[in-house]
Amino acid sequence: MQAGFPFLSIMLAVPLLAALACLFAPGEDAARADRARVVALAATLIDLALAVVLWIGFERGGPQWQFTEYAPIFGRFAYALGIDGIALTLIALTALLMPICILASWTSIAKRVPEYMAAFLLMETLMVGVFAAQDLFLFYVFFEGNLIPMYLIIGIWGGARRIYASYKFFLYTLLGSVLMLIAMLYMARTAGTTSIPRLMAADFPATAQTWLWLAFFASFAVKMPMWPVHTWLPDAHVEAPTAGSVILAGVLLKMGGYGFIRFSLPMFPAASAEFLWLIFALSMIATVYTSLVALVQTDMKKLIAYSSVAHMALVTFGLFAFDRQGIEGAMMVMLGHGLVSGALFLCVGVVYDRLHTREIARYGAVANNMPGYAALFLFFTMASIGLPGLSNFVGEFLSMMGTYRASSWAAFVAVTGIITSAAYMLYLYRRIAFGPQRNADAAAMPDMTMREYMTLVPLAAATIWMGVYPESFLAPMRGDVGFVLSRLQHAAPPSDAQPTRGHLPARTGGE
């Protein structure tokens, strides 16, 4: 299935060509809008089908890098694509969320529809490119390119404070990445290659690792986001349209965790161990602080945004536990959070489209007139707090196992975040679905439409799949986690000024 066929290039090209078709389609405004919706949905469904092909065709326990493509461009820079099990799962998550985002925007976006759909399609190309890139600077182009369409989505189709939120989002994430670019230039010059697989096998000297790790940390910490550089996220979520919040929480935040596991841990293992205390300290503060802040929110979107920061702290705990269960748990938290947080933002969008407010106090007892909505909202609330049998439980349990082996104190603090998540999510649900129904307009809201069910039911099915049979997600990435662990446990940085060059070490299997 893999031999010679450019699956990844097609996945990049389909939404890009569809974006151009949306922008330059002829006709009247209404006809162009309808055509743009259909084209965008068709393109994202094609990419979803290709992601299914990748999932089926990926050889578990086979070569580390599969579906590879390579074409030199100039100098050391090359168009190099390929995926391992970690990238496979994140590409599948992206492909699943994108058609759901298009459906969620079908009627809620009424102005500049072709441009809106083009922005989302461009973003899909760039997101898939981040996870598939095997060249250092190609990764950087995709990684930073995502800022542009999301900046436009927030700034043009966002809420009342959209300009402030879009500028804050853009500046925070861009400034952190400038240091990463400088570090990449040093790495390419010193190691003599821009190949990410080869750089993952290079042994940089300890002093260089420290500075390189800090440069990459400046970018990935903002992208996740970690405390205290998380303040752009609540504003971006509150002002973004519903689909923008879904893709921001579902995929864009995961790029920070992906960066840690792709660059920081295998390329700079000594520095990762050196700064373990920093990661754990920031993660403990984020767990407690953002959970308490979420508990007092009056805006539904802002509450879920702060809960995302707390969940991302579980990711950093697991990644830097230097333990198989911790790293696998961190990946499962990222995948589960992508499904569940995206679904929660869709649930907010359902009632916002009817009442045009996100204030919790304006709702109450919607279970009476929206029983289908109340049932799905309860399902995703339970998934968010880690109910056994659903997606988040698996990741949180594995992440806590790894964290406990590294630090019992850190695990204790992390568990308090899980407990408080139950408090603020159940408190949110009680105020929305139950309680007194004070407002007649909230009592008159109709239940979900078929289109809205089509956005939430697939996410519910995937959430159950992850919770009941997590092995289907753990198996593709098991060997890649083993490779990262081998780098952390056995890579000893040399004392000379040049990194060791050589072939990529053999893939480390499960333990």
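1. Arg487 has a relative accessible area of 7%, so it is classed as buried, the cut-off being under 20%. The model is a predicted one. Asp203 is the salt-bridge partner of Arg487, and their closest N and O atoms are 2.9 Å apart. This pair links distant parts of the chain: Asp203 sits in the loop between α8 (196-201) and α9 (206-223), while Arg487 belongs to helix α22 (residues 471-490), 284 residues apart. Asp203 also counts as buried, at 16% relative accessibility.

2. A second pair joins two loops. Asp299 and Arg358 form a salt bridge, with 3.6 Å between the closest N and O atoms. Asp299 lies in the loop between α14 and α15 (300-319), and Arg358 in the loop between α16 (324-355) and α17 (371-384), so the bridge ties together parts 59 residues apart in sequence. Asp299 is buried, with a relative accessible area of 12%, and Arg358 counts as buried at 14%.

3. The side chains of Arg354 and Glu452 meet in a salt bridge of 2.9 Å, N to O. Because Arg354 is in helix α16 and Glu452 in helix α21 (residues 450-468), the pair ties together parts that are 98 residues apart in sequence. Arg354 is partly exposed, at 21% relative accessible area, whereas Glu452 counts as buried, at 6% relative accessibility.

4. Which residue is buried yet has no salt bridge? It is Lys254, and the nearest side chain of opposite charge, that of Glu396, is 12 Å away. Lys254 is located in helix α12 (residues 254-267). Leaving aside residues up to four places away in sequence, Lys254 touches Leu90, Ala249, Met312, Met334, His337 and Gly338.

5. Helix α3 (residues 85-104) has 20 residues and should span 28 Å at 1.5 Å a residue; the distance of 29 Å between its end C-alpha atoms agrees. Helix α3 is mostly covered, since 18 of its 20 residues are buried.

6. On the surface, Val288, Leu292, Leu295, Val296 and Tyr427 form a nonpolar patch with about 420 Å² of accessible area together. Helix α14 (residues 276-295) supplies the largest share of this patch, three residues. Leu292 is in helix α14 and is partly exposed, with a relative accessible area of 48%.

Technical notes. Residues numbered from 1 in each chain as written. Predicted model: local features only at pLDDT ≥ 70, side-chain atom pairs only at ≥ 80, totals over all residues. Heavy atoms only, no water. Helix = DSSP H or I, 4+ residues; strand = E, 2+ residues; numbered from the N terminus. Buried < 20%, exposed > 50% of the residue type's maximum accessible area, 1.4 Å probe, protein only. Lys, Arg positive; Asp, Glu negative; His and termini not counted. Salt bridge = Lys/Arg side-chain N within 4 Å of Asp/Glu carboxyl O. Contact = heavy atoms within 4.5 Å. Expected span 1.5 Å × (residues − 1). Patch = residues over 30% accessible without salt bridge, like charges linked within 9 Å, V, L, I, M, F, W, Y side chains within 5 Å. Areas by Shrake-Rupley, 256 points an atom, 1.4 Å probe, with all protein chains shown as cover.
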